[in-house]
Amino acid sequence: MLRLRLLFLAYAAGVLAVTVVPVRAFDYWGHVPWQAMIRWVPFVVDPLSMILNVVMFVPFGVLVPLIWRRAGATAARLGWLALGASLSIELTQLLLDITLGSRRTVDINDLIANTGGALIGWWVLRLARRESKALAG
């Protein structure tokens, strides 16, 4: 269990490194107001960005149920946790944009893709558990 928790911490640090760091302060995008960095329209996104955001959260959907059984007991519960984690990232990016002018985009598509990726991970874990039970029994 300790190894899984350490693996999750390493994963979380990696996600933060990709989504928050580096913080580029001031004039990265010129003098565009911070409100222009918010993307509200769903599914208007570069396909590669969507795929990468899905892939980034697949480990979340696998590791969270392995570490906290209740958290991954249902797809809905895990989906809400993934949405909360993704929203935390987006709000951090927004806060850094407003305070430091980092100019990271805040995108509704990231919330959709991250939550979807976690649910894919949860589904893969369920299938793997079902297969291992079938092989053992």
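Okay, ground rules. What you see is a predicted model, where local features need pLDDT of at least 70, side-chain atom pairs count only at pLDDT 80 or more, and totals for chains, interfaces and linings use all residues. Numbering starts from 1 along each chain as its sequence is written, and side-chain values use heavy atoms, with hydrogens and water left out.

So, the overall picture. We have 4 helices and 2 strands, and along the sequence they run α-β-α-α-β-α. The C-alpha atoms fill a box of roughly 65 × 30 × 25 Å along the principal axes. Take contacts, meaning heavy atoms within 4.5 Å: among those between residues at least 6 apart in sequence, 81% join residues at least 24 apart.

Of the 137 residues, 34% are buried. Buried is under 20% relative accessible area, exposed is over 50%, and partly exposed is in between, with a 1.4 Å probe and protein chains only. The protein exposes about 8,500 Å², and carbon and sulfur atoms supply 72% of that; the areas are Shrake-Rupley, 1.4 Å probe.

On to charge. There are 13 positive and 7 negative charges, and their mean positions sit 18 Å apart. Lys and Arg count as positive, Asp and Glu as negative, and His and the chain ends are not counted. Each charge is placed at NZ of Lys, CZ of Arg, CG of Asp or CD of Glu.

There's also a positive patch on the surface, made of R69, R126, R129, R130 and K133. Patch residues have over 30% relative accessible area and no salt bridge, with like charges joined within 9 Å; a salt bridge would be a Lys or Arg side-chain nitrogen within 4 Å of an Asp or Glu carboxyl oxygen. K133 belongs to helix 4, residues 108–136, and is exposed at 65%.

Compare Q93, in helix 3, residues 75–100. Q93 is buried, at 5% relative accessible area. Leaving aside residues up to four places away in sequence, Q93 touches T19, S102, R104, T105 and V106.

Last one: T74, in the loop between helix 2 (47–67) and helix 3. T74 is partly exposed, at 38%. From T74 to G117 is 43 residues in sequence and 15 Å in space, C-alpha to C-alpha.

How values were computed
Patch = residues over 30% accessible without salt bridge, like charges linked within 9 Å, V, L, I, M, F, W, Y side chains within 5 Å.
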